[in-house]
Amino acid sequence: MLTRICISVFVLLTLNSYAQDSKNSSENIENQIDAIISQMSPKEKVGQTCQITLDVLLARDSSGALIEPAQIDPKKLQIALVDYGVGSVLNVGWHTLRLEDWDHIMEMVHQPFESNKTFAPIIYGIDAIHGINYTVGATLFPQEIGLAATWNPKLAMEFGEITAYETRASGIHWNFSPVLDIARQPLWSRTFETLGEDAYLASTMGKAIICGYQGDGSISPTHVIACMKHFVGYSAPESGRDRTPAWITDKQMNEIYFPTFKTAVEQGALSVMINSGIVNGVPGHINHHLLTEVLKEEWGFEGFAVSDWEDFIMLHTIHKVAPDMKTAITMAINAGVDMSMVPNAPDYKTYCKLMLEAVEDGSIPQDRLDDAVRRILRVKFRAGLFEKNQNQLKKYPNFGSQEFKNKAEQAALESITLLKNDSNILPLSPTKKVLISGPTSDNLIFLNGAWTHTWQGDNPTFNTEGCLSVKEAFQERLGKDNCLFSQGAKLFVENGFETSALTDTADFKKKAEQSDYIILCLGEFPSTEKPGDIKSLNLPQAQIDLAKIAYRTGKPVVLILLEGRPRIIRPIVEQANGIIQGYLPGDYGANALVKLVYGDENFSGKLPYTYPKYDGVLEFYDHPRSVDRSKGPEFDAYDPQWDFGFGLNYSEIEYSDLKLDQTEISDNDSIMVSITIKNMGEMDAKEIVQMYISDHYASLTPAGKQLKAFTKTALDSGETKVINFVVSEEDLRFYDNHGEWISESGTFSIKIGGLEKTFELKK
Ligand code: BGC
């Protein structure tokens, strides 16, 4: 014991002196880590790899209920953080906390390190996925799918910066975001957490978000550690159910699912969370090839890998690859997972005990343990966590500021996508009377979705004060006399699954008669993960019925979709006069909708996914041409409701003069592409110019077209701009059957805004 105390004092003195030097070089950091690791006992090292949920530390009353506001129980803290040496805490009790509650929690969890009782500080993680959604008064942006629909990387970066700032204001250094999974299974309950179906769009937007979170990588007091989620293939469950098996070929893995993560590693993302599901028969958490060989060795990822919720345990209890817990832990750590989100008690104690046994009997090599601890400490250093007294008392005056809220509203404005506008029904005339209706019209929860104040985001008690539902925003604009309301149908959960029912349809019809337009808000009940599993992609029936009742009134109907995934609405598309995809636009989504519907602002969002028309036919925009045989409808499988990249606005944008500076390139060569766009409309607009490339012939069936570049640009009424892109030989490569990225000689088309030009690659 004496030796232990002396060693601790020595190391802590060393740490303090190091901490004073804020410009530690990475070499310096590695030396410091060496010093710490050399002094740590195996038990302390094991503790560093253990992550517990905040509930474990919270005080409860005599009935076992959590005390409100959240209080840390010092005894529980002592056992977990000091006796077991746990290295990380995550989450929120069960709902949004005030800044002062976070302040108390952070002061307590950092206290063991502050008072020299532990070698290393805690790293605290949270799912601040569309803003720091667990802090009262924070700025809530659209969910990631909406950010993707803006096609505006600058805005995505600003979202990242604001979220990082407000997360740090809450005393938290680590954000479990962004989700970099590619949305190729629209049934999946977490589609809204993704950046859409395309690897290029998602990589570009994901990189921008990480840039916002981490800044230049030095993680200043306004930045956080990003966490790439969920490596890899989680978003493609064959059954559509969360955490069920995916089958992904090597080619798909490399061309579709890897690029977002690889780009994020290149951007310097410092942590990764592992796919809870199974790919090609291998649970994500034991996939040594993906975690160690690809991510760490080939791509050079220097941060650490955290498991997802209880996933070590699930290797034994659910996936059945480990006959007992010790084997499960051994398999996961040896595969390359560095930290286990255990996260409950007493499971974390069992974890620490069994992992220690596995280290002592050699099942987990000492080197592997040291590597895991090294990675965790490296990130803690990078986050500035070793600097004592550095965060709690810092002031963040811009937390929840008007400037931040305006940015969230701008993101909503730029994401919301106009899908149909027959006879220019929109913008609506402000002097006409409107009926607002539909199950998603009268509560803020439908604008935010899950991960908002609570995990499922379905409890309106915690809604942000002062933020408006669609009904409230329209009533604020028009006055209650000119904006009637009748819900018409409701959404609820029955036996664990979403369901819907018509409500007072007589009231609906009566008020429709009194109105000039009907705005019908449809969509989904907030949910995610397993609770968000659905049995069909069809929109719950009562909503279809309500739309048909609305059409029978003869009044013009505008549908507003507030949904986490693209639900099938084919039976009600034709008769709708207008259709708006709102996604989950966040706390300021309703304000944005009003501005767009009345033409104060122009639409500029475009779909980040293919909107399916049929439940049984799910295709993506980059399908091979074998899908479109052009021999009549019975041969055309690709028949989506709307294409990837589609979105209307109030101005006609004319595309002309597609030019290539040369029509032939060779290896290491590139072509300059230019296109002229003109805003023919009366309203100023923002246009997303998308460049696609088609390979005419290749030795492996090529994609019909692939997005290779895009830019979003402001275009005033009457304005003309020339947009330039560069196409290089690298853009023409595909992943072959021998594990190589290759390009082949041949003809390629460049397609922009309905125009097309060809060029040759000569190798
Ligand atoms: C989710 C993760 C999340 C974690 C912590 C898990 O259930 O899959 O995305 O980061 O919980 O809340």
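Before you start, residues are numbered from 1 along each chain as its sequence is written, and side-chain values use heavy atoms, with hydrogens and water left out. Because the model is predicted, local features need pLDDT of at least 70 and side-chain atom pairs count only at pLDDT 80 or more, while totals for chains, interfaces and linings use all residues.

Now show the polar contacts, here pairs of N or O atoms within 3.5 Å. Arg190 places a polar side-chain atom 2.7 Å from a ligand oxygen. For Glu529, the distance from a polar side-chain atom to an oxygen of the ligand is 2.7 Å. Arg243 has a side-chain N or O atom 3.0 Å from a ligand oxygen. How much of the ligand does the protein bury? Taken alone the ligand exposes 310 Å², and 95% of that is buried by the protein (Shrake-Rupley areas, 1.4 Å probe).

**Stop two: Arg243.** Stay on Arg243 and look at its backbone: phi is positive, about 60 degrees, although the residue is not a glycine. Arg243 sits in the loop between strand E5 (227–231) and helix H9 (250–267); helices (H or I, at least four residues) and strands (E, at least two) are DSSP runs, numbered from the N terminus.

**Stop three: two cis bonds.** Glu68 and Pro69 are joined by a cis peptide bond with omega about -15 degrees. Look for Pro69 in the loop between strand E1 (50–53) and helix H4 (74–83). Next, select Val342 and Pro343, also linked by a cis peptide bond, with omega about -15 degrees. Pro343 is in the loop between strand E10 (340–341) and helix H13 (347–360).

Methods: A polar contact is a pair of N or O atoms within 3.5 Å; within protein, one must be able to donate a hydrogen and the other to accept it, and residues adjacent in sequence count only if both atoms are side-chain atoms.
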